[in-house]
Amino acid sequence: MFKKSLCLATLAAGLLLPTFGRASTATDSADISITASVESYFEWASGYKASDSALTIDKDADWAGGTGTSASHIGKPGDVITTTKNLVVHTNTDPVFTIAPSNATSGILTEGGTNTTLQTSYKIVAGSAGTITASVAGYLPAETVGAGGAFDGGSTFTLTHDVSGLSDINLKVQASIPAGITLPKAATYSTTIKITATWS
Amino acid sequence: MVRKFILFFALIAPLSAHVVIGYGATAWMGPTYSLTLPHINQTAQTISGSLDIALQHDTPCDVTIHVLRTGGEVLTGPGGATIATSYMVTGAAILTPDADWVSSDDFRARLYHIKTNGPTTDEIHLAVRGESPAGRALPVGDYTTSFALTVTW
């Protein structure tokens, strides 16, 4: 009798146990691994891209230091006018900037009718984010051909980018009456340059 | 003799039942899955990719997301930099598949109910999208997620 009861109890337990097993919560996990890689890249901020409007330094609004009818105009021999244009860049690398002329004026401020020129110099310095290391200190004359000239291949400006990925640089231009000329033609002088960034 | 046979059957029955339930159980077929997205090399760039994940099951079940580190559902790289990450989970077996991209925050809280009874193997399509920011560059390097899909039944 006892054995029969034991058998029935065991049998009942055997039948019920799977039911209990199914009623409990079970889980299984799959690990998902997703990877994306970011490469080195550089972009001029909107407005400075080749496909957008070119950066313009205005003859009246942007220059300072002169003694003419306004501080933006050269008014007498010895006046040196300068301008600073801020250029914002998006980069996660350290690009090297070079400057080059991009029209027939050879990067020298030129009066179109007579080809009279102003002494013109350039440099690039750091803005508010990032630092610049120049291969040659100070303003680099556009008129100088070869080492020390603004457009010499060895005249470089290396940006150490800000870790935020947002940096800026300042293009500085200086203009004055060339030595030996006391009365340059009263006119508007212009030129065109391009700044190239190279990175790896 | 008959009693011994009954006793033997009673003892072996639970084990047999477990074996039957074990066969056709719910499980991921992976159980690990890897996806490498295209590289990012500019601002405001969108990249995407997808995985087909096979789930074997013998009952309706639920799929949830379990992050394996804080922010594990977000593509995270050097210095904790992140890529905006979104997901879209679809598949014929899902009761309410995503109709559009789901932000990583929302994705983490999602529950996908698998409506089919089975036993069967259903395919879940996990699409992932990353977007680089518009006004700055992301740090160079590899960005990864760390999460698991958990099926509960």
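Two strands are taken as paired if DSSP finds at least two bridges between them. In this predicted model, strand E3 (residues 80-91) and strand E10 (residues 166-176) of chain A meet that condition, with eleven bridges in the antiparallel sense. Within this pairing, A:His90 lies opposite A:Leu166 of E10(A).

Both strands belong to an open sheet of chain A, in which five strands follow the order E2-E3-E10-E6-E8 with antiparallel pairing. The edges of the sheet are formed by strand E2 (42-44) and strand E8 (140-141) of chain A; each has a single partner strand, so one side of each is left without a neighbour in the sheet.

Chain A as a whole contains one helix and twelve strands. Of the 200 residues in chain A, 26% are buried. Among contacts in chain A with a separation of 6 or more, 68% are between residues 24 or more positions apart.

The largest nonpolar core comprises 56 residues, and B:Ile53 and B:Leu149 touch the most other members. Strand E1 (residues 27-38) of chain A gives the most to this core, contributing five residues. When residues up to four places away in sequence are not counted, B:Leu149 touches A:Ser29, A:Ala30 and A:Ile32 in chain A, together with B:Ile53, B:Val63 and B:Ile65 in chain B.

Key
Residues are numbered from 1 along each chain as its sequence is written. Chains are lettered from A and ligands numbered from 1 in the order in which they are written. This is a predicted model: local features need pLDDT of at least 70, side-chain atom pairs count only at pLDDT 80 or more; totals for chains, interfaces and linings use all residues. Helices (H or I, at least four residues) and strands (E, at least two) are DSSP runs, numbered from the N terminus. A residue is buried if 20 or more other C-beta atoms lie within 10 Å of its own, exposed if 12 or fewer, and partly exposed in between; C-beta atoms are placed from the backbone. Two residues are in contact if their C-beta atoms, placed from the backbone, lie within 7 Å. A nonpolar core is a set of buried Ala, Val, Leu, Ile, Met, Phe, Trp, Tyr and Cys residues joined through C-beta atoms within 7 Å.
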